[in-house]
Amino acid sequence: VLQHMSFQPGDGDVYALTSKGEQELNAGQTLRSHVDLELLVCIDGKVNLAALRSRIPGAHAARVADSIRGLLLDGLISPAGKTQGDALEFTFTSARSAQAHGESAAAAEADGGLSSLQQQGYYVRIARRSSKARVAPEGGQLSVVIVEDEDRLGRFLGQFLALEGFATRLARNRGEIIAEFRRAPRPDLVLLDVVLPDADGFDILSKLKSHAVLGELPVIMLTARATRDSVLRGLMLGADGYVTKPFQMEVLLKAIQTVMGLDAEKKAPIHRHGV
Amino acid sequence: MPKKKHPYIVMVSDAEAFRQALAAMAAEYRASLPATLAHISALMATLRQDGYAGAALAMLRRELHTLAGSAGTFGCDEVGSAAAHAEAFLDDFDHARSWTELDCAQLDERVAAVAQNINNVAPGRPASIP
C-alpha cells in the first residue's frame, strides 16, 4: 500500500507496533513528533483509526493520516487488520495483543478498541530529543527539580543525579513545589510524579507548560501511572518524556540527557563541588 | 558543635560508593516495609468496617500505588508487582456499584499477596492482613 503516497488510511484500519516501533517508545531517545508519539502510544493492534482520531486533539487530527503514512514507511507500525461494520478482523502482530491482556475482541469492538487504553501494565521510556543543549551557568550546575512524594525514592534520585553532575532539589508536596519554582536558580529540568498527596502531576504539568517563563522547561513524567491513557495525557499536555516506574537509573539518565540535549557520553557540564 | 551528617547525603566519589549508598538505602527501604504493611492492614480493617467505601479506600489505593512505583527500584520487584496488581484491581473496579463478597475476596487476596511478598523481603518481622 505504501507504494502510493496517495494512500489514505481508512477509519476501520487497525495497526500494530513492530519491534522497531516498540523500541522507539523504549529507547529513551526519540526524534519523532508529538503526533507520531501519541499514535505509537495508542496503536496496539486493537484501536482502529477512527478511534485514534477521537483521542488526538483537533489540531493534530488532520495530521494523523500523514503520521500513519510516515510510521508505516519507517517500519514502526504495520497493518494489523480492518474493522468492517460491527465486526473486527484482527491479524495480531503485536506482542501486546488482546490475548496477552486477556481481553476479548468483543470488548474491543464496543468502542473501536479504546478500552485497551486504560489497562494497567503499559511500561514505557519515552524521551524526545531536544535540538538545543542546556548549558550550565558559569561556575554552576544544571539544576533538576525532583517532584516525588516517596521520600526515599526522592533522595535516591537526588543522590544519583548529583553523582552525574546535576544540582538537585526535592519537592514532595504542593507547597514545596511552589517554593522550588520560585527559588533561584530556575531549574533546567523537572522530574514529575503524578500521584502526589495534595496535587495532581498532570495539573502541574499543564500549568508549567502554559507558563510564560517556565513553559520551555523540559519535563519528564516519572510515575507508576502505567496505562496508555496516562502516557497519552502526559504527551498531550506537553511532557518531553514519560518514564514509568519502576525504572532503571541508567534508563532515566538517558532520558534526562535526551530531553536536555546533552551528550550521552559526557556527564552534565559542570564545575563539580565535593565530588 | 559538629555538623550533623545525613546518613545518605554523602559525597559520592565513584560508582562503588554509590552502590554502597544504594544498598544502604535499599536496606532502609526494606526495613520500612513492615510499617507500610501495618498501615495497609489498618486500612483494610477500616474498609471492612465501612463496607469498602470512604477515605480508607482512597488511602489504600494511594499506598499501593506508592509501593508499586518504588519497590522495584529498591530491588523488591515482587512487592512492587503485587502492589501494582492490587492497585489495578481498585482502578478497574466500578465504584458506582456496591461491593460483592467476591469483590471483597478478590481485593483481600491481592492485598494478602502484597503482605506475603513484604514478609519475604523483610524476614523476622511477619505481619498479616487481619
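Trainee: What makes strands β7 and β8 of chain A a pair?

Mentor: Two strands pair if DSSP finds at least two bridges between them. Three bridges join β7(A) to β8(A) (residues 219-223), so they pair. The model is predicted, so local features need pLDDT of at least 70 and side-chain atom pairs count only at pLDDT 80 or more, while totals for chains, interfaces and linings use all residues. Residues are numbered from 1 along each chain as its sequence is written, chains are lettered from A and ligands numbered from 1 in the order in which they are written, and side-chain values use heavy atoms, without hydrogens and water.

Trainee: Which elements make a β-α-β unit with β7(A), and what is its handedness?

Mentor: β7(A), helix α9 (residues 201-209) of chain A and β8(A) make a right-handed unit. Helices (H or I, at least four residues) and strands (E, at least two) are DSSP runs, numbered from the N terminus. A crossover is right-handed if, with the strands pointing away from the viewer, the path from the first strand over the helix to the second runs clockwise. β5(A), helix α7 (residues 151-163) of chain A and β6(A) make another right-handed unit.

Trainee: How many bridges does β5(A) make with β6(A) and with β7(A)?

Mentor: Five bridges join β5(A) (residues 143-147) to β6(A) (residues 167-171), and four join β5(A) to β7(A) (residues 189-192). β5(A) runs parallel to β6(A) and also to β7(A). A:Val145 stands opposite A:Arg169 in β6(A). In β7(A), A:Leu189 stands opposite A:Val144, and A:Leu191 is the bridge partner of A:Ile146.

Trainee: What is the strand order of the open sheet, and which strands are its edges?

Mentor: The six strands have the order β4-β9-β8-β7-β5-β6 (chain A), with mixed pairing. β4 (125-127) and β6 of chain A are the edge strands, as each pairs on one side only.

Trainee: Which way do the side chains of β7(A) point, and are they buried or exposed?

Mentor: A:Leu189 and A:Leu191 point one way, A:Val190 and A:Leu192 the other, and all are buried. Buried means under 20% relative accessible area, exposed over 50%, and partly exposed in between (1.4 Å probe, protein chains only).

Trainee: Why is B:Tyr52 called buried?

Mentor: B:Tyr52 has 7% relative accessibility, so it counts as buried. B:Tyr52 lies in the loop between α1 (15-50) and α2 of chain B. Although not a glycine, B:Tyr52 has a positive phi of about 55 degrees.

Trainee: How many cavities does the search of the whole structure find?

Mentor: The search finds two of 30 Å³ or more. The largest cavity has a volume of about 60 Å³. On a 1 Å grid over the protein atoms alone, a cavity is a set of points where a 1.4 Å probe fits but cannot get out, and lining residues have an atom within 4 Å of a point.

Trainee: What lines the largest cavity?

Mentor: The lining includes A:Lys245, A:Asp193 and B:His65. Helix α2 (residues 55-70) of chain B gives the most, with five residues.

Definitions and conventions: On a 1 Å grid over the protein atoms alone, a cavity is a set of points where a 1.4 Å probe fits but cannot get out, and a pocket is an open set with protein on both sides within 12 Å along at least five of seven lines; lining residues have an atom within 4 Å of a point. Grid points are joined across faces, edges and corners, and a volume is the space filled by probe spheres set on the points.
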